[in-house]
Amino acid sequence: MGWFLGLGIAGLVVLLLSLVFDGLLEGAFDSLSGGLDGFLSLPVIAGFVSMLGFAGAIVLGATGLGVGAATAVGVAAGAGAGWLTWRLSRALMHDGDAGTPRGTDLVGSAGTVVTGIPADGYGEVLVHLAGQPVKLSARSSVPVARGSEVWVEAVLTATSVSVRAVER
């Protein structure tokens, strides 16, 4: 049983090291994995070894089965834990649905003038980008009073936009 518990604890230590050093040890398995897309990553290996050890210890201690049966159950449980870890890490790493908001996403959005905009001068507007309020410098060809609603016509720089007043 000591060997099984040792494997379980060793797997947890490897998992902790892979989290603390954040990929530093990951390069050791890159040449081995070929095209397996992270199947031999440290979290997968740690999950396999931990589950093999702890499941083997449970079977050995709770049943009258021998070391061979405990090892077989541990390997099966370890393979399942490794596969689940691999699938979860792939799902988290390849989440491509959420795009990063860009400044060009502001074009066409509504905002409110915070600091009045003089003709051909700069003021400030408050707009929402990806649900977050963003305060930007704003330029307009006509004066726009504080509190007016505006539409973003163009993005001039990373911190300034061109706006026009909304007419209702």
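Biologist: Which residue in β2 is the bridge partner of Gly111?
Modeller: The partner is Val127. Bear in mind that this is a predicted model.

Biologist: What makes β1 and β2 a pair of strands?
Modeller: Two strands pair if at least two bridges are found between them. β1 and β2 have four bridges, in the antiparallel sense, so they pass that cut-off.

Biologist: In what order do the strands of the barrel follow each other?
Modeller: The order is β1-β2-β3-β5-β4, five strands that close into a barrel with mixed pairing. On average, neighbouring strands of this sheet are turned by 55 degrees against each other, ignoring direction.

Biologist: Why is Ser109 called buried?
Modeller: Buried means under 20% relative accessible area. Ser109 has 15% relative accessibility, so it counts as buried. Ser109 sits in the loop between α4 and β1. Leaving out residues up to four places away in sequence, it touches Val150, Trp151 and Val152.

Biologist: What makes the approach of Leu106 to Ser109 a polar contact?
Modeller: The cut-off is 3.5 Å between N or O atoms. A polar atom of the Ser109 side chain lies 2.5 Å from the backbone oxygen of Leu106, so the distance is within the cut-off.

Biologist: How do you know that the span of α1 agrees with what a helix should have?
Modeller: At 1.5 Å a residue, its 19 residues should span 27 Å, and the end C-alpha atoms are 27 Å apart, so the two agree.

Biologist: Why are the buried residues of α1 said to line one face?
Modeller: The buried residues are Phe4, Gly8, Gly11 and Ser18. Seen down the axis of α1, they fall within an arc of 90 degrees, so they line one face of the helix. The face turned away from them carries the exposed residues Gly2, Trp3, Leu16 and Val20.

Note on methods:
Residues are numbered from 1 along each chain as its sequence is written. This is a predicted model: local features need pLDDT of at least 70, side-chain atom pairs count only at pLDDT 80 or more; totals for chains, interfaces and linings use all residues. Side-chain values use heavy atoms; hydrogens and water are left out. Helices (H or I, at least four residues) and strands (E, at least two) are DSSP runs, numbered from the N terminus. The expected span of a helix is 1.5 Å times one less than its number of residues. Buried means under 20% relative accessible area, exposed over 50%, partly exposed in between (1.4 Å probe, protein chains only). The arc is that of the directions from the helix axis to the C-beta atoms. A polar contact is a pair of N or O atoms within 3.5 Å; within protein, one must be able to donate a hydrogen and the other to accept it, and residues adjacent in sequence count only if both atoms are side-chain atoms. Contact means heavy atoms within 4.5 Å. Axes are lines fitted to C-alpha atoms, for helices over the stretch in contact, and angles run from 0 to 180 degrees between N-to-C directions.
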